[in-house]
Amino acid sequence: ISNIYDLSYLDSPRFSSSNTQSVGELLVGFFNYFANFDASRDVASVRTGGLLEAARCEEYARMEKIGPGQWTARILVEEPFDRTNVGRAVCSFEKWNLIKSVFKNTCDQLSKCDASKLGFDDLLSIYIDDDDRGTSQHTAKGNDNK
């Protein structure tokens, strides 16, 4: 077994994907998915590449004595090596609802663009322009809607 704290960034696993979506489409999908994520039940797991049940994660944490209370947080994302919740700092519904609204607004703004043509450089050019009323307008390259 390798030491997970001493992994080389130059030694990456061989992986190929049949994905045909652009970076923009994947990003829109990400924001859409998490804007509608049921954090009271679902745990995003990098380790399994899918969803886990929060109750099962809490049960495992109790059994292993690794802080079962962290599974009552609003964001539930399993850390793949030690199986803790990396989102455990977000505990209030108010903060979770704020995060979800940002996910939804970002998805809505990106959806106004042709996401299939958005590349990584285009995503980096997205900016926030504060107007005089203190509200924000999000614009992506190629999107003239302000």
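**Exercise 1. Find what share of the contacts with a separation of 6 or more joins residues 24 or more positions apart.**

Solution. This is a predicted model, so everything here is read from predicted coordinates. Start with the contacts in the protein chain whose separation is 6 or more, then keep those between residues 24 or more positions apart: that leaves 39%.

**Exercise 2. Work out which elements give two or more residues to the largest nonpolar core.**

Solution. Begin with the core itself, which has 15 residues. Val28, Phe31, Phe34, Phe37, Phe103 and Leu110 have the most contacts inside it. Now look at the elements: α1 (23-35) and α3 (93-111) each give two or more residues. Zoom in on Phe31 to finish: leaving out residues up to four places away in sequence, Phe31 touches Phe103, Thr106, Cys107 and Leu110. There's also a second, separate core of seven residues, with Cys57, Trp71, Ala73 and Leu76 among them.

**Exercise 3. Decide where pLDDT stays under 50, and how to treat that stretch.**

Solution. Take the whole protein chain first: pLDDT averages 78, and 79% of the residues score at least 70. Then turn to residues 127-146, where pLDDT stays under 50. The model does have 29 contacts beyond four places in sequence for this stretch.

How values were computed. Residues are numbered from 1 along each chain as its sequence is written. This is a predicted model: local features need pLDDT of at least 70, side-chain atom pairs count only at pLDDT 80 or more; totals for chains, interfaces and linings use all residues. Side-chain values use heavy atoms; hydrogens and water are left out. Contact means heavy atoms within 4.5 Å. pLDDT is the predictor's confidence in each residue, from 0 to 100. A nonpolar core is a set of buried Ala, Val, Leu, Ile, Met, Phe, Trp, Tyr and Cys residues joined through side-chain atoms within 4.5 Å. Buried means under 20% relative accessible area, exposed over 50%, partly exposed in between (1.4 Å probe, protein chains only). Helices (H or I, at least four residues) and strands (E, at least two) are DSSP runs, numbered from the N terminus.
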